[in-house]
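Thank you all for making the time this morning.

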Amino acid sequence: MTIANPSTTDDLGSAAQRERRKRILDATYELAKSGGFDAVQMRAVAEHADVALGTLYRYFPSKIHLLVSALGRQFDEAATRLNEREIPGDNQADRVLYVLKRMARGMQGDPKLTEALTRAFMFADSSVAAEIHVVGMAMTSIVTHAMHGGAPSEGAVSDEDVAVARVIGDVWLSALVSWVTGRSTAAETAAHMETAIHLILRD
């Protein structure tokens with residue numbers, strides 16, 4: 001099977017709607033980077049994005065929908081960048097670790113933004129299922145890309161690859177939660193991921 005870049009609502013609607021949605025997510029990033037989860041208030045996002053509050057709620061029914069969508073866009077953009085390059089490493093474990101460590105460093109470099117996006121992911125319920133699905137598909141795309149050392153050819157990604165990628169994505173997100181909540185340091189998180197990846201991807 002093949003794993004395409006996850007489809008998000010960025011692909012839907014008119015050019016004006018896509019631009020409005022982009023402004024909303026850009027404003028969300030700016031507020032989260034400066035103040036974390038608590039700084040992302042719907043009225044503040046609407047003001048920063050120059051949209052009416054009612055319009056914002058039509059796009060995103062809640063703050064959790066908004067922040068999980070922002071996380072999905074962040075992962076989707078990472079998947080797109082990775083699809084443009086080959087991944088170094090002698091085996092699947094090395095390549096996956098290379099990619100996940102790069103992502104982790106980037107997210108740890110923006111701790112307030114990462115805290116906001118991760119807390120929203122933790123708090124999400126079944127009403128946010130579509131947004132959670134986008135995050136999961138983006139992670140699966142990132143991991144399968146790394147497993148194959150570059151953009152997989154048609155039919156190269158098996159059902160087993162996808163299942164393995166989903167497990168790795170779950171472990172990585174769990175490790176991220178541990179770091180955000182202060183239960184582990186960045187070094188401990190990296191060591192935990194390295195152990196998990198080598199156990200899952202035994203070449």
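Let me begin with a polar contact of 3.1 Å, which joins the side chain of T55 to that of R58. Please keep in mind, here and throughout, that what you see is a predicted model. T55 itself sits in helix α3, which covers residues 53-59. Is T55 buried or exposed? Its relative accessibility is 13%, and because buried means under 20%, T55 counts as buried.

From there I turn to the largest pocket, whose volume is about 400 Å³. The pocket is lined by 15 residues, and those closest to its centre are A78, R81, R102, M103 and G106. If you look for the elements that give two or more residues to this lining, you will find α4, residues 63-82, and α5, residues 92-108. Which of the elements supplies the largest share of the lining? That is α4, which contributes six residues to the lining of the largest pocket.

Finally, let us move to the surface, where V167, L199 and I200 together form a nonpolar patch with about 230 Å² of accessible area.

Terms used:
Residues are numbered from 1 along each chain as its sequence is written. This is a predicted model: local features need pLDDT of at least 70, side-chain atom pairs count only at pLDDT 80 or more; totals for chains, interfaces and linings use all residues. Side-chain values use heavy atoms; hydrogens and water are left out. Patches are made of residues with over 30% relative accessible area and no salt bridge: like charges are joined within 9 Å, nonpolar side chains (Val, Leu, Ile, Met, Phe, Trp, Tyr) within 5 Å. Accessible areas come from the Shrake-Rupley method with a 1.4 Å probe; for residues, only the protein chains shown count as cover. A salt bridge is a side-chain nitrogen of Lys or Arg within 4 Å of a carboxyl oxygen of Asp or Glu. Helices (H or I, at least four residues) and strands (E, at least two) are DSSP runs, numbered from the N terminus. Buried means under 20% relative accessible area, exposed over 50%, partly exposed in between (1.4 Å probe, protein chains only). A polar contact is a pair of N or O atoms within 3.5 Å; within protein, one must be able to donate a hydrogen and the other to accept it, and residues adjacent in sequence count only if both atoms are side-chain atoms. On a 1 Å grid over the protein atoms alone, a cavity is a set of points where a 1.4 Å probe fits but cannot get out, and a pocket is an open set with protein on both sides within 12 Å along at least five of seven lines; lining residues have an atom within 4 Å of a point. Grid points are joined across faces, edges and corners, and a volume is the space filled by probe spheres set on the points.
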